[in-house]
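Please read the following report alongside the sequence and the coordinates.

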Amino acid sequence: MSVDRVEEVEGGDAAEAVATAAAVRYYSIAPGVRLNVRSGPGTGYSIVRVLPEGSKVPIFCQTPGTTITGPYGTSNIWDNIDDGEYVSDAYVNTGSDGYVAPHCG
């Protein structure tokens, strides 16, 4: 990430804001999977879009929800990948069976 100039961030430190943005990691979804993205952390929420095979997703925070069994085990962890968009962690290759990002607030 290249930053030519940093503007003051209201209510916080600009360097902290840049560091936070840089801390977001991208994770691969399971190979050969078109993954449903839902409006909340569970299968009872509507599908807002479908990720194509080979996608990578950021994980901004994680929260418990519907338990799902997928290529990476059985988990009730749901990954927040954008504002109002969640995917089951059982389909995301995080390298962990637990939380890898902060809990959603």
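Predicted model: local features only at pLDDT ≥ 70, side-chain atom pairs only at ≥ 80, totals over all residues.

Residues are numbered from 1 along each chain as its sequence is written, and side-chain values use heavy atoms, with hydrogens and water left out.

**Overall architecture**

The protein chain has one helix and seven strands, where helices (H or I, at least four residues) and strands (E, at least two) are DSSP runs numbered from the N terminus. Along the sequence these elements follow the pattern α-β-β-β-β-β-β-β. Of the 105 residues, 33% count as buried, a term that stands for under 20% relative accessible area, with exposed meaning over 50% and partly exposed in between (1.4 Å probe, protein chains only). The accessible surface of the protein chain comes to about 6,400 Å², and carbon and sulfur atoms hold 47% of that area, as computed by the Shrake-Rupley method with a 1.4 Å probe, with only the protein chains shown counting as cover for residues. Among contacts with a separation of 6 or more, 45% are between residues 24 or more positions apart, a contact being heavy atoms within 4.5 Å.

| Link | Residues | Distance |
|---|---|---|
| Disulfide | Cys-61 and Cys-104 | S to S 2.1 Å |
| Salt bridge | Arg-49 and Glu-85 | closest N and O atoms 2.7 Å |

Cys-61 is buried, with a relative accessible area of 13%.

Glu-85 is buried because its relative accessible area is 14%, whereas Arg-49 is partly exposed at 36%.

**The nonpolar core**

The largest nonpolar core has 13 residues, of which Ile-29, Leu-35, Leu-51, Val-57, Ile-81, Val-87 and Val-92 touch the most other members; such a core is a set of buried Ala, Val, Leu, Ile, Met, Phe, Trp, Tyr and Cys residues joined through side-chain atoms within 4.5 Å. Leaving out residues up to four places away in sequence, Ile-81 touches Val-37, Arg-49, Leu-51, Val-57, Pro-58, Phe-60 and Val-87.

**Two buried polar residues**

Ser-75 lies in strand E6 (residues 73–82) and counts as buried because its relative accessibility is 11%. A polar atom of the Ser-75 side chain lies 2.9 Å from the backbone nitrogen of Ile-77, a polar contact being a pair of N or O atoms within 3.5 Å in which, within protein, one must be able to donate a hydrogen and the other to accept it, and residues adjacent in sequence count only if both atoms are side-chain atoms. Beyond four places in sequence, Ser-75 touches Thr-66, Thr-67, Ile-68, Asp-89 and Ala-90. Ser-75 and Asp-89 are 14 residues apart in sequence, with 6.7 Å between their C-alpha atoms.

Thr-94, found in the segment after strand E7 (85–88), is buried at 13% relative accessibility. The Thr-94 side chain reaches the backbone oxygen of Ser-96 at 3.1 Å, and, neighbours within four places aside, Thr-94 is in contact with Tyr-27, Ile-59, Asp-89 and Val-100.

Note on methods
Salt bridge = Lys/Arg side-chain N within 4 Å of Asp/Glu carboxyl O. Disulfide = S-S within 2.5 Å.
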